[in-house]
Amino acid sequence: MTLIVVATIDAQADHIDAVRAALETVVPPSRVESACLRYELHLDNKIPTRFIMLEEWTDKAALTAHYATPHFKALVAAVGDKVVKIDIAELSKLK
């Protein structure tokens, strides 16, 4: 069964552009990871500081491997002090 991830990233208002740029940078290398089935960046239409990443991975091990990649580590370093909150939900599809 695949693993669905919904990552909600709330940027500080004065760092929206920097957070967006960092998130956009991680998308292409993440999409080419062999265990990545979906990796999409979205902007919340009601909250301009909120970004949502919708991801689908083959399994938990694939997500763990993703967290160890250089491009993900660079993302964490780039947004670390520019976000208010990051929430990661790991979901299992029931139907």
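This is a predicted model: local features need pLDDT of at least 70, side-chain atom pairs count only at pLDDT 80 or more; totals for chains, interfaces and linings use all residues.
Residues count from 1 along each chain as its sequence is written, and side-chain values use heavy atoms, without hydrogens or water. Local features need pLDDT of at least 70, side-chain atom pairs count only at pLDDT 80 or more, and totals for chains, interfaces and linings use all residues.

**Stop 1: the sheet.** Select the strands (DSSP E runs of at least two residues, numbered from the N terminus). Four of them form an open, antiparallel sheet in the order E2-E3-E1-E4. E2 (36-43) and E4 each have a single partner strand, so one side of each has no neighbour in the sheet. Strands pair if DSSP finds at least two bridges between them; E1 and E4 pair over 8 bridges. Zoom in on threonine 8, which stands opposite aspartate 87 in E4.

**Stop 2: the helix across it.** H1 lies across E1, E2, E3 and E4.

Stop 3: A pocket is an open set of points on a 1 Å grid over the protein atoms alone, where a 1.4 Å probe fits, with protein on both sides within 12 Å along at least five of seven lines; lining residues have an atom within 4 Å of a point. Select Ile9, Phe72, Leu75, Ile86 and Ile88, the closest to the centre among 17 lining residues. Which element gives the most to the lining? H3 does, with 4 residues.

Key
Contact means heavy atoms within 4.5 Å. Axes are lines fitted to C-alpha atoms, for helices over the stretch in contact, and angles run from 0 to 180 degrees between N-to-C directions.
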